[in-house]
Amino acid sequence: MGPEGRHAIIIGGGASGVLLAFQLLKSNPSDLRVTLIEKRPEIGRGLAYHAGNPEHLLNVRVTNMSALPDEPEHFWNWLCAQPAGPLCPDPYCFVPRQTYGDYLADLIAPLKTRDGSQGLTIVRGECAAIRETPSDVAVTLADGTCITGSTAILATGHDAAAPLLAGHAEPWAAPKDAGIDMDATVLILGTGLSMVDYVLSLLRYGHQGRIVAMSRRGLLPRAHRRVDPMRFAEHEIPFGAEIGPLLRWFRRRIELHVAEGGDWRGAIDAIRPFTQQLWQELPLSSRRRFLEHSRAWWDVHRHRTAPEVEARIAEALATKRLTVIAGKLAAITPNPDGALVRYRRRGQSETSELQVGAIIDCTGIVRDPGASTNPAVRSLLDQGLARIDPLRIGIDVTPDCAIVNRDGSPSRRLYAVGPLTRAAFWEIIAVPDIRQQCAELAARLRATDGPG
């Protein structure tokens with residue numbers, strides 16, 4: 001490295017980028033500076049924690065949302081120190097997502113620097129291209145600005161894919177901003193957590209029309225409960241097994257736990273420390289079968305809602321404000337009033353029709369990165385500096401988060417963290433997993449003098 005020291009460029013200023021920047025700079029290294037590039041006006045919010053509907057609650061309890069893996073009470077202590085108080089009586093509650101965005105902004109604020117010599121520099125802009133050479137990386141922004149560094153880390157979070165059809169409403173925007181007619185029937189594609197949030201936004205907006213949510217199986221997320229924890233001994237877990245025997249073992253363990261008076265949630269939570277290893281040791285064919293046949297069931301049990309949110313959705317279902325359909329789209333025909341949707345209910349051969357005023361795609365984040373509209377990801381793929389994994393759910397990275405190029409060689413300067421790495425880690429979309437990943441990568445980057 002040159003006398004200027006090491007320079008890490010983080011592309012993406014949401015939760016993943018902030019957690020990584022903090023871990024890189026928390027020990028105040030004199031020879032390391034970090035540039036954080038974010039196109040949004042605020043750092044730390046991304047799609048998940050922007051200031052929006054206060055009824056959008058975290059899906060994880062406060063006690064599990066510390067930004068620091070070695071300080072589990074950090075977020076709770078921050079809440080308690082706020083002028084308005086902690087918002088809830090104990091660390092086992094759920095607070096608004098926008099509050100977590102405030103927390104991340106506070107976390108990163110002390111690290112900002114004015115002269116750029118060390119510490120954190122925040123650049124507002126969109127990364128348009130990334131170039132790697134033997135001696136450095138160069139990041140070019142949409143306005144033509146070029147920033148060079150010793151490493152670059154993609155932390156772009158959830159890729160907001162282009163809508164399926166012109167006229168679809170953006171799922172991350174408020175219904176009011178989307179201009180949705182308050183009396184129109186709204187079709188939401190997907191019945192997971194994003195659908196739940198959008199229903200809450202529609203109700204808060206005063207929507208009077210029918211809300212229809214549709215997915216292949218019509219499964220709704222389960223809710224959190226305060227349950228006694230369960231423990232798995234590592235030796236009893238069938239690592240390396242095919243997906244069929246693995247799931248049979250897990251279902252049997254859940255049944256035994258419930259028969260003894262336990263709650264299935266305790267078993268789901270107990271397996272979580274091992275899910276990344278289980279995923280990595282699954283044969284590729286088993287991973288594919290899991291995604292096709294079991295992922296929806298896993299998601300609704302693993303990614304749960306706050307009890308308060310469960311109550312709101314239950315009320316909407318009971319009052320017929322919300323209807324859930326298990327079915328599959330057959331055709332969408334735009335018309336002056338929105339679109340005529342034809343769909344086939346699960347288990348039926350004939351199609352049904354539904355006139356809707358708006359369609360919102362909330363089908364989830366596991367998408368083909370080949371269809372990404374993110375210019376940073378596209379730049380790497382187009383140059384062959386990155387490649388899509390065989391299941392087409394993420395980009396290929398090593399266990400150390402190094403991006404793998406078209407020829408299968410890991411980069412020594414390009415890395416990725418967060419949801420982009422789900423092909424390698426699977427469970428890498430929630431803060432408890434991302435914070436650990438960022439801490440481990442930061443330790444490796446701080447410990448090296450660089451590849452040059």
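These legends go with a set of close-up views of a predicted model.

Because the model is predicted, local features are given only at pLDDT of at least 70 and side-chain atom pairs only at pLDDT 80 or more, while totals for chains, interfaces and linings use all residues. Residues are numbered from 1 along each chain as its sequence is written, and side-chain values use heavy atoms, with hydrogens and water left out.

**View 1. Strand β7 sits between two parallel partners, β1 and β15.** Strands and helices here are DSSP runs, numbered from the N terminus (E, at least two residues, for strands; H or I, at least four, for helices). Strand β7 covers residues 151-154. Thr151 and Ile153 point one way and Ala152 and Leu154 the other, yet all are buried; buried means under 20% relative accessible area, exposed means over 50%, and partly exposed is in between (1.4 Å probe, protein chains only). Two strands count as paired if DSSP finds at least two bridges between them. The β1 pairing is parallel over four bridges, with Ile10 opposite Ile153. The pairing with β15 (residues 410-416) is parallel too, over three bridges, and there Leu154 faces Ala416.

**View 2. Asp31 and Arg6 form one of the 19 salt bridges in the structure.** A salt bridge here is a side-chain nitrogen of Lys or Arg within 4 Å of a carboxyl oxygen of Asp or Glu. For Asp31 and Arg6, the closest N and O atoms are 3.0 Å apart. The pair links distant parts of the chain, 25 residues apart: Asp31 is in the loop between α1 (15-25) and β2 (32-38), and Arg6 is in strand β1 (residues 6-11). How covered is each partner? Arg6 is buried at 8% relative accessibility, whereas Asp31 is partly exposed at 33%.

**View 3. Arg289 meets Glu242 in a salt bridge.** The N to O distance is 3.1 Å. Arg289 belongs to helix α9 (residues 284-302) and Glu242 to the loop between β9 (211-215) and α6 (243-259), so the bridge ties together parts that are 47 residues apart in sequence. Both ends are partly exposed, Arg289 at 37% relative accessibility and Glu242 at 36%.

**View 4. Asp269 and Arg304 make another salt bridge.** Their N to O distance is 2.9 Å. Asp269 is in helix α7 (residues 264-271) and Arg304 is in the loop between α9 and α10, so this pair joins parts 35 residues apart in sequence.

View 5. Helix α13 (residues 431-447) has 17 residues and runs 24 Å from its first C-alpha to its last, close to the expected 24 Å; the expected span is 1.5 Å times one less than the number of residues.

**View 6. Helix α5 is mostly covered.** Ten of its 13 residues are buried, including Leu193, Met195, Tyr198 and Leu203. The helix (residues 193-205) reaches 18 Å from first C-alpha to last, close to the 18 Å expected. Look just past α5 and you'll find Gly206 with a positive phi of about 90 degrees.

**View 7. Cys88 and Cys93 form the one disulfide of the structure.** A disulfide is a pair of cysteine sulfur atoms within 2.5 Å, and here the S to S distance is 1.9 Å. Cys88 is buried at 13% relative accessibility and Cys93 at 10%. Cys80 is in no disulfide, and its nearest cysteine sulfur, that of Cys88, is 8.1 Å away. Cys127 is buried, with a relative accessible area of 5%.

**View 8. Glu310 lies in helix α10.** The helix covers residues 307-318. Leaving out residues up to four places away in sequence, Glu310 touches Ala223, Arg225 and Thr305, where contact means heavy atoms within 4.5 Å. Glu310 is partly exposed, at 32% relative accessible area.
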